[in-house]
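Okay, thanks for making time, everyone. I'd like to walk you through one chain today, so let me put it on the screen.

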Amino acid sequence: MGSKSSPSMVAVAIMALSVVAMLDGCVAQSFCNTSLPELFKCKPAVTPPNPSPPTPECCAVVAKADLQCLCGLKNNPLVPTLGIDLNLAFQIPAKCNLTLPPQC
């Protein structure tokens, strides 16, 4: 390993700093008709290896969120850096008896 920084480690560090900067600027702002702290109410349901079922609070957040907007996160490489499994995330609406837009 030594003292050399590999390009992949530098990329991971830059990505992590980007996520922190993004979260710092967005915490109080609206995001897809909700806020990041509200969306994090669903984190236990989207975190492997043993996700819990979505809580009523999580379902309430998802019900008021702009699901079309959230679909835009489907290919965002930063989302998994937050510990969120996108496959689990896109199962939440059905588990909350909601319908995803057809374009998702």
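I'll go from the overall layout to the core, then to one helix, and finish with a salt bridge.

Quick housekeeping. This is a predicted model, so keep in mind that local features need pLDDT of at least 70 and side-chain atom pairs count only at pLDDT 80 or more, while totals for chains, interfaces and linings use all residues. Numbering starts from 1 along each chain as its sequence is written, and side-chain values use heavy atoms, with hydrogens and water left out.

So, the layout. The protein chain has six helices and zero strands; helices here are DSSP runs of H or I, at least four residues, strands are E, at least two, and both are numbered from the N terminus. Of its 104 residues, 30% count as buried, meaning under 20% relative accessible area, with exposed being over 50% and partly exposed in between, using a 1.4 Å probe and protein chains only. If you take contacts, that is, heavy atoms within 4.5 Å, between residues at least 6 apart in sequence, 66% of them join residues at least 24 apart.

Now the core. By nonpolar core I mean a set of buried Ala, Val, Leu, Ile, Met, Phe, Trp, Tyr and Cys residues joined through side-chain atoms within 4.5 Å. The largest one has 22 residues, and V62, L70 and I92 touch the most other members. At least two residues each come from α2 (36-39), α3 (56-64), α4 (67-71) and α5 (86-89). The largest share, four residues, is from α3.

Leaving out residues up to four places away in sequence, I92 touches C42, A45, V46, P54, C58 and V62.

Which residues of α3 are buried? They're C58, C59, V61 and V62. Looking down the axis of α3, these fall within an arc of 160 degrees, so they line one face of the helix; that arc is taken over the directions from the helix axis to the C-beta atoms. Their cover includes α2, α4 and α6 (92-95).

The partners are E38 and K64, with their closest N and O atoms 2.9 Å apart. E38 sits in helix α2 and K64 in helix α3, so the pair ties together parts 26 residues apart in sequence. Both ends are partly exposed: E38 has a relative accessible area of 22%, and K64 is at 41%.

Methods:
Salt bridge = Lys/Arg side-chain N within 4 Å of Asp/Glu carboxyl O.
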